[in-house]
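The sequence and the model are shown here.

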Amino acid sequence: GDYRVSADAAVSGEVERSISAPFDGFLREAPVRAGDLVAAGDLIAALDDRDLALERLERTSEKRRNELEYGRAIGQGAPAEAEIFRNRVAQADAQIALVDARLDRARIEAPFDGVVVSGDQSQNIGGAVRRGDVLFEIAPQGRYRVDLQVDERDIAEIAAGGAGTLVASAIPDRSFAIEVDRITPVAEAVDGANVFRVEARLAEDPGPLRPGMRGGVKLDVDRRLMIEIWTRSLIDWLRLTLWSWFG
């Protein structure tokens, strides 16, 4: 019969982009939350920009005053004084450009078509955010990977390129073909058992799958005698026990 290895699995984005607050401020709106589909350029959050708009108005007025003084100095034949006001105009231009850049960054847009993996700021409207705070995580739509947790007793049976089948708990009536992509040679303890992380890719269209879904995977190994399949765990336990007793 077909010998297969079972493992727990979770679907995640092939690439997940963190969307962070560009500067300290207050959240004005956040129309999306985890699970929503977004298109490139869609608004996903916006910071309050009223202070920036006032600052831009102030810088623009300052620039206008310096331009008038520059024209007056030129008219009076005072080149040294005109140079001072010319530099002030250039400085005001640079400050306005900086404010404009911050105004643009106050509007946070989706960098690509994808699905919001995590983040819900709907309860934080008007709240303060600090530069670098992660607001959302977005994964490209349809580009997912499957993270497996393979028991250490079965990891020797797994090889890159191996095929398998994924069934998600949320969609138990449909299975998805997968292919083992990478085996991480580091074990970690999960629920009292040592497991290895194995990455697999979907070999077909993900359809209704979404990042965060969990389920089970069966990886095809080879064909063996049924008695060998049924007694494998017992034989491995006996071998380890006898070795510990008699070396």
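In strand 14, G216 is the bridge partner of D8. This pair belongs to the antiparallel pairing of strand 1 (residues 2-13) with strand 14 (residues 214-223), which extends over 9 bridges. Helices (H or I, at least four residues) and strands (E, at least two) are DSSP runs numbered from the N terminus, and two strands count as paired if DSSP finds at least two bridges between them. Strand 1 also runs antiparallel to strand 10 (residues 144-151), to which 6 bridges join it; here S12 stands opposite R145 of strand 10.

The model is predicted: local features require a pLDDT of at least 70 and side-chain atom pairs count only at pLDDT 80 or more, whereas totals for chains, interfaces and linings use all residues. Residues are numbered from 1 along each chain as its sequence is written, and side-chain values use heavy atoms, with hydrogens and water left out. The mean pLDDT (the predictor's confidence in each residue, from 0 to 100) is 87 for the protein, and 100% of its residues reach 70 or more.

Strand 4 pairs with strand 7 (residues 114-118) in the antiparallel sense over 2 bridges, and V38 has G114 of strand 7 as its bridge partner.

The interior can be described through nonpolar cores, that is, sets of buried Ala, Val, Leu, Ile, Met, Phe, Trp, Tyr and Cys residues joined through side-chain atoms within 4.5 Å. Buried means under 20% relative accessible area, exposed over 50%, and partly exposed in between (1.4 Å probe, protein chains only). The largest core has 28 residues, of which V146, L148, L166 and L209 touch the most other members. Strands 1, 10, 11, 12 (175-190), 13 (193-202) and 14 each supply at least two of its residues, and strand 1 gives the most, with 5. Apart from this core lies another, of 21 residues, among them I19, V32, L47 and F112.

Finally, N66 lies in helix 1 (residues 50-75). N66 is buried, with a relative accessible area of 8%. Leaving aside neighbours within four places in sequence, N66 is in contact (heavy atoms within 4.5 Å) with F85, R88 and V89.
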